[in-house]
Amino acid sequence: KEELEMATYFNEGVTLRFVSANDDSELQQRQIDSLASSGIDLLIVSPNQLDLLTDEIDRVYDAGIPVILFDRKTDSPKYTAFVGADNWQIGEMIGHSLASTLNGKGNVIEIGGLEGSSPAQERHKGFVDAISQYPGIKIVGYANGDWTEQSGETVMKQLLETYDGPVDAVFGGNDRMAVGARKAIHDAGREGKGVLYYGVDALPSEGGGISQVADCILTASAIYPTHGAELLL
């Protein structure tokens with residue numbers, strides 16, 4: 001959002017209207033319809049889930065309004081451009097880094113992002129593709145959170161109720177869920193000789209992934225480049 005706002009300073013004729021659905025797909029559906037009917041000239045949207053926003057975004061595109069998908073995708077080809085990082089590559093990179101740190105042997109739990117969102121699906125696939133190359137590493141638990149720290153803590157608690165073996169590493173689909181998972185493992189007394197915690201985003205803001213790695217809350221975080229300003233260039 002800050003990067004988008006900064007870009008408007010270099011485009012005097014552009015007025016930015018920003019709304020957030022707070023991970024609520026039904027609210028985002030209504031917001032898209034409302035924005036389209038208000039006379040916008042361009043829609044920039046990060047679809048909350050892969051298939052639930054398709055109809056609304058298709059209607060905007062069919063009305064002749066350019067659509068830029070940012071970070072996330074729909075299951076339709078009706079968009080003008082897509083701007084985002086390679087989430088499969090991010091998952092794969094984390095997988096190889098984690099496996100290397102574990103010397104190719106260990107038990108891993110993965111907390112995926114919001115079910116049905118393209119980043120969650122692609123990061124998970126990249127991670128699994130990488131881990132599959134290391135026979136000594138087992139993914140002993142997987143569950144989806146909703147990108148929030150609380151969801152990471154909640155689903156990790158649920159996984160620990162059914163899995164009583166050792167945990168050597170955790171991959172969170174983003175930094176916040178990895179931090180939540182860390183709290184659950186600590187509260188359950190399951191840290192053992194030390195657990196590795198990997199996340200995604202590495203935001204430079206206060207409390208973001210970079211400071212969490214510096215403070216040893218996370219072992220590592222993959223930088224997810226935002227490049228919001230480029231959406232309006």
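1. A word on the ground rules. Residues are numbered from 1 along each chain as its sequence is written, and side-chain values use heavy atoms, leaving out hydrogens and water. As the model is predicted, local features need pLDDT of at least 70 and side-chain atom pairs count only at pLDDT 80 or more, while totals for chains, interfaces and linings use all residues.

2. The sheet is open, with three strands in the order β1-β2-β3 and parallel pairing. Strands here are DSSP runs of E with at least two residues, and helices are runs of H or I with at least four, numbered from the N terminus; two strands pair if DSSP finds at least two bridges between them. β1 (43-45) and β3 (81-83) are the edge strands, each with a single partner, so one side of each has no neighbour in the sheet.

3. Opposite A81 in β3 stands I68.

4. Helix α3 (residues 54-62) packs on this sheet and touches β1 and β2, its direction making about 145° with that of β2. Contact means heavy atoms within 4.5 Å; axes are lines fitted to C-alpha atoms, for helices over the stretch in contact, with angles from 0 to 180 degrees between N-to-C directions.

5. Now the helix pair: α4 (residues 87-101) packs against α5 (residues 118-131) at about 35°, with the axes 6 Å apart. Residues of α4 that meet α5 include W88, I94 and L98, and on the α5 side F127 and I131 are among the partners.
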